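I opened the notebook to go through strand pairing, a sheet with its helices, and aromatic contacts. The entries follow in the order in which I looked things up.

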Amino acid sequence: MKSILIKIIVMLLSFISTEFIYSQTKLRKVMPEDYSKWSSLTDEAISADGKWLTYNLQYDNAIDTLFLQNRHSPKKYIFPSATNGIFSKDGKLFTALDQEKGLLLHDLTTGNQHYIANVIRYEFNPSKPYLVVLIKVENQQDLVVIDYENNKKYRVPDITDFYSSPEGKIAVIGPKEVKYISLEDGFSIKTIYHDSTAKFKKVVWNTNGSGFAFLQELQKNGLYPTNHELFYYDMKINHLYSLNLSESKEYNGLHITNPMGTVISFSSDNSQLFFYIANPQPALETEEIVEQWESLSPLEYPIQKHQGNTETIAKLAVWTPATKLVKKLGSNELPEVRLTSDRKYAISFNTLLYEPQYEYYGFADYYITSLETGKEQLLLTKQSAAIGTINCSPDGKYINYFKDNNWWIYDCKLDKHTNVTHNLTPSFSDILYYYPGSQYSYKSPGWSDNGELIVYDAYDIWLLSPDGKVQTKITNGREQGIVFRIYVESSVSKNQMTMPTYEVDFSKGILIEAFGKDKSSGYYYMSPKRELEKIVHNNSMVTNLKNVAAIHSYSYVEEDSATPPSFKLFNYQKKTTETLIQSNQHFLKYEWGKAELISYKSTQGDALNGILYYPSNFKKGKKYPMIVYIYESLTKNLHHYYKPTVYKGDGFNSSNYSLDGYLVLFPDITYQMGNPGISAVNCVASAVNEVSKKGILDENNMGLIGHSFGGYEASFIITQTSMFAAAVAGAPVTDLISNYLTMHWETERSNMWRYESQQFRMGFSPFDDYIAYARNSTIANVSKITTPLLSWTGKEDKNVIWNQGMELHLAMRRLKKQNTFLVYPTEKHILIKPEAQKDLNIRIKEWFDSILKEHPISGTDHEIEALH
């Protein structure tokens with residue numbers, strides 16, 4: 001009896017223990033009031049010595065906070081409202097900007113910190129342990145140079161701005177003077193030029209830091225653009241050169257200018273300066289009595305008046321200070337000029353030549369001119385002016401361009417064109433560029449240090465010799481189902497006077513990005529021997545790789561659909577991975593659904609994927625309502641973590657729905673040219689059918705939502721099918737014909753190019769096939785809508801004008817079909833104001849809940865406000 005009693009007690013204790021453990025590990029449901037607990041991880045960085053890290057957490061309803069944390073101890077500093085955390089290159093100083101206190105200076109050795117108030121801008125000197133700070137002091141600006149290694153401080157009063165050379169030298173401009181600061185032997189200042197009436201600007205250092213150029217704005221003469229005098233100070237000979245075109249016989253009357261903020265550029269040997277000159281015109285009237293739009297002008301009126309007259313376009317010119325020679329390189333016939341990287345050749349063209357045309361990037365005939373001999377000759381005929389289609393080698397000897405689905409190289413010295421990809425099997429045209437019009441390449445990131453052109457196919461990286469005889473594929477991505485791309489921060493030069501170029505140094509090894517067909521991602525290191533070694537490659541989203549060479553490591557950010565972003569460190573000597581920061585650690589306490597990659601086929605036979613998000617409380621055997629969110633192709637975001645929030649500018653956050661008992665589907669869409677709407681219908685229907693096969697979908701309660709082009713797709717789909725019980729269309733295009741004949745005010749062009757060669761994928765005008773436009777327009781098919789629709793727009797939208805949404809609303813009103821139309825009077829294409837974002841997100845969620853879950857909707861603005 002006693003033994004039986006003991007067994008019962010043991011069983012009871014075991015049961016109690018199990019219940020206790022279960023109660024401790026049971027996950028909680030995320031409620032709307034929990035959303036504010038989540039933050040976004042940004043600005044993560046690690047000091048050069050690997051001892052400290054910084055990151056910023058941004059909150060929806062709390063103060064964004066910057067953190068500074070020691071990697072080897074619990075020591076942590078917290079700076080609410082601070083931003084822009086930066087480590088000095090030597091790892092001794094940390095700076096951050098606080099909106100109220102000013103610039104924080106934190107000594108990483110001692111922990112001492114202080115603030116500098118009224119800071120305008122600041123930077124670490126490129127070569128010395130100095131921090132250079134421009135501050136506001138009463139009615140002027142002062143420059144403060146801090147030697148933080150020796151604890152010294154220098155002040156230069158009355159400064160407008162400062163400019164550092166890569167070698168660490170500093171040029172400063174003030175209201176009346178231009179000065180040079182030397183840091184070689186302590187701190188010394190030299191005045192280069194003085195003028196009591198001056199307005200100086202745009203200081204530019206030459207290629208080796210031995211001199212700099214600057215502009216002085218001249219007195220207004222009622223003409224536009226503003227005229228300038230150009231100066232060049234040669235530090236080697238302590239001489240200041242100047243150029244004022246009013247003193248030039250040949251160019252008297254022209255203005256030296258800097259259109260769109262362009263800066264001065266130097267030749268490779270620093271003997272010449274390149275700058276812009278313009279034929280001055282009377283200043284434009286602020287209020288025109290009448291606008292005269294001409295149907296036969298090259299460009300449409302809003303852009304024609306700025307760019308349609310080649311006589312008023314600023315032209316590139318070159319000045320040789322030693323000889324006082326000035327030569328204009330651009331002409332009225334060929335107004336646009338780009339220089340090769342060695343500045344020995346000028347490539348000139350006129351993008352107006354083939355206007356009017358209906359691609360975003362036009363075409364031009366390109367001419368090449370030797371700046372040494374002055375010889376000019378035709379280089380290319382009707383070549384696309386699109387970014388990335390024509391570049392040059394870093395040494396300036398070759399021009400590479402993409403034409404007729406192949407890469408070509410032009411030898412400037414031999415005057416020879418070579419097709420360097422014609423005999424290769426893979427296509428170098430981007431087959432995923434589903435647009436009519438010109439076919440673009442997979443891009444070229446630049447040239448190797450060995451003088452080879454680097455190009456991409458769909459998967460791999462190729463090196464091509466200029467003569468086309470050597471063609472080397474250095475990755476095997478196609479065989480592995482991985483897309484490999486060279487990882488560089490910027491693939492082109494930033495000086496718009498020169499042709500884009502970039503050199504990749506293979507001799508030191510390179511970093512490569514990797515993207516799997518399964519949506520995995522990561523980075524690899526390729527050794528000088530072309531051997532590929534994995535750094536990190538997981539079924540997750542891996543971004544923002546940075547080399548921390550001092551500790552033989554790489555830092556990166558990793559996330560997946562169910563795990564918030566974390567900041568990690570991989571030591572490539574020890575082959576170990578360390579999690580430095582896991583954002584939103586509380587996520588472990590809450591239920592969260594999974595994301596699944598599904599496969600299906602379009603009616604055209606294209607193999608497609610979609611992302612299916614499961615409810616956080618998913619149970620087998622139960623059927624769930626589903627929201628389908630559409631915008632072209634979205635599966636690249638399979639591993640993106642969507643934190644719950646009601647502050648989304650397009651009104652939709654998938655996590656808000658999957659956390660509240662919904663399935664959410666992101667289907668990829670491919671397009672048949674001339675049938676964008678019909679294509680969307682077919683692909684979405686196929687994706688929904690694939691989900692239906694799983695037996696988890698409540699087919700009577702499905703919602704559809706899209707924004708912008710996705711808004712067009714959503715509004716059109718419900719004219720073709722009644723499968724959706726509710727729909728939402730944000731900033732939608734609803735009438736393809738009227739929108740084709742509408743201005744796109746963000747680019748000051750009509751929308752014609754968007755239909756004939758871009759996203760709307762018609763490939764022709766409505767005057768070529770009016771029926772096709774009507775067949776794919778919501779308005780033309782609106783009478784077939786049976787789905788309740790919530791539509792919204794920003795009244796200041798210059799991308800898709802709000803009239804498009806209004807047309808649909810009025811049509812549905814006339815036909816007595818259910819539509820609620822939300823108009824945000826001061827918002828644009830994407831809602832920016834937090835109060836507007838919150839309002840839209842809540843209204844959309846209520847809309848779907850009221851129909852798909854039969855929850856009562858608030859119904860009045862007063863009740864909506866109360867809910868907020």
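I began with pairing, where two strands count as paired if DSSP finds at least two bridges between them, and where strands (E, at least two residues) and helices (H or I, at least four) are DSSP runs numbered from the N terminus. The model is predicted, so I noted that local features need pLDDT of at least 70 and side-chain atom pairs pLDDT 80 or more, while totals for chains, interfaces and linings use all residues. Residues are numbered from 1 along each chain as its sequence is written, and side-chain values use heavy atoms, with hydrogens and water left out.

**Entry: two hairpins**

I looked up strand β9 (residues 119–124) and found that five bridges join it to β10 in an antiparallel arrangement, the two strands forming a hairpin with five residues between them. Within this pairing, Phe 124 stands opposite Leu 131 in β10. I then followed β10 to strand β11 (residues 140–147), to which it is joined by eight bridges, again antiparallel, and here Tyr 130 has Asp 147 in β11 as its bridge partner. β10 and β11 also form a hairpin, with two residues between them, and Glu 138 in the turn has a positive phi of about 50°. Is β10 (residues 130–137) mostly covered or mostly uncovered? I found six of its eight residues buried, where buried means under 20% relative accessible area, exposed over 50% and partly exposed in between, with a 1.4 Å probe and protein chains only.

**Entry: an open sheet and its helices**

I traced an open sheet of eight strands with mixed pairing, in the order β49-β50-β52-β51-β53-β54-β57-β58. Its edge strands, each pairing on one side only, are β49 and β58 (819–824), and the twist averages 20° from one strand to the next. Seven bridges join the antiparallel strands β49 and β50, and Ile 598 has Gly 610 in β50 as its bridge partner. Helix α6 (residues 709–720) packs on the sheet, touching β51, β53 (697–707), β54 (726–730) and β57 (789–794), with its direction at about 140° to that of β53. Helix α11 packs on the sheet as well, touching β51, β53, β54, β57 and β58, with its direction at about 160° to that of β54. For these entries contact means heavy atoms within 4.5 Å, and axes are lines fitted to C-alpha atoms, for helices over the stretch in contact, with angles from 0 to 180 degrees between N-to-C directions.

I also noted that 14 of the 19 residues of α11 are buried, so this helix is largely enclosed by the rest of the structure. Just after α11, Glu 854 takes a positive phi of about 60°.

**Entry: aromatic pairs**

A search of the whole structure gave me 51 aromatic pairs (ring centres of Phe, Tyr and the six-membered ring of Trp within 6.5 Å; planes under 30 degrees apart are stacked, over 60 edge-to-face, the rest tilted). Trp 592 and Tyr 641 are stacked, at 5.0 Å centre to centre and 15° between the planes, and both residues are buried. Tyr 613 and Phe 666 form an edge-to-face pair, at 5.2 Å and 70°. Tyr 613 lies in β50 (residues 607–613) and Phe 666 in β52 (residues 663–667), so the pair ties together parts 53 residues apart in sequence.
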